[in-house]
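Good morning, and thank you for coming.

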Amino acid sequence: MLLKKSACGLVVVLVVLGSLVLRSAVWNFSSEGEPDASGMLVMPEKDILIIADAEVPLAGAPFDEAEGTVLPAEEAPADELFALLNEERAGGDLEALKVTDELNSAAAVRAEELSAAFSHTRPNGDGFKTVLKENGISYRLSGENIAGGFSTAEEVLKAWLDNEGFRKNILNPDYTNVGVGYYDDAEQGIRYWCLLFVF
């Protein structure tokens, strides 16, 4: 299913054969885990989960009906998402995540890659975590939230928080740093979002 906002603010539900999906994963390299009955991979240490890919309704990119074009991206949607993310963590008495240029660069790469392969697997077949190494980022634990089709930082954060697995990534007290990526694919008319968490 695809949720698309109309110009008058009503939400129209469209059924599509190849709908986009919102996905999240948490990875821990120090142990191996086994999937449980729901398909979740539970890691033995710290009860860390790898969340199976799940389908979630997405909102369409903003459209200017008068001009017939997708509206241009703002300069700072990633900055807005970062601020909202830390507001949410503060509400749970969690420390604010720090951002680094290296993590933001890695998340920006991943956000753009989502337009070619909407998956935790990169277009070249590697897992998402390889982008961390490419950007000189060392870590003990990493996780990724991805989304496509949401127009604003508020919308994408709400969708992630409404899903138990994605919410766990956002509110994980072990994470200390985050990279926030945003890519507006004008050809597809879709905005892509990525959060890369590390500890």
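Predicted model: local features only at pLDDT ≥ 70, side-chain atom pairs only at ≥ 80, totals over all residues.

Three aromatic pairs are found when the whole structure is searched. Rings of Phe, Tyr and Trp (its six-membered ring) are paired if their centres lie within 6.5 Å; planes under 30 degrees apart count as stacked, over 60 as edge-to-face and the rest as tilted. In the pair of Phe-118 and Tyr-192, the ring centres are 6.0 Å apart and the planes stand at 45 degrees, so this pair is tilted. Phe-118 belongs to the loop between α2 (101–113) and α3 (130–134), and Tyr-192 to strand β12 (residues 190–198), so the pair ties together parts 74 residues apart in sequence. Helices (H or I, at least four residues) and strands (E, at least two) are DSSP runs, numbered from the N terminus.

Residues are numbered from 1 along each chain as its sequence is written, and side-chain values use heavy atoms, with hydrogens and water left out.

Are the two partners buried or exposed? Phe-118 is buried, at a relative accessible area of 13%, and Tyr-192 is buried too, at 2%. Buried means under 20% relative accessible area, exposed over 50%, and partly exposed in between (1.4 Å probe, protein chains only).

Let us turn to α2. Its buried residues are Leu-103, Ala-106, Ala-107, Arg-110, Ala-111 and Glu-113. They lie on the same side of α2, because they cover an arc of only 160 degrees around the axis, taken from the directions from the helix axis to the C-beta atoms. Among the elements covering them are α3, β10 (141–148), β11 (177–185) and β12.

Helix α4 (residues 153–161) has seven of its nine residues buried, so it is largely enclosed by the rest of the structure. Trp-160 is one of these buried residues.

Finally, confidence. The chain has a mean pLDDT (the predictor's confidence in each residue, from 0 to 100) of 74, and 62% of its residues reach 70 or more.

Note on methods. Contact = heavy atoms within 4.5 Å.
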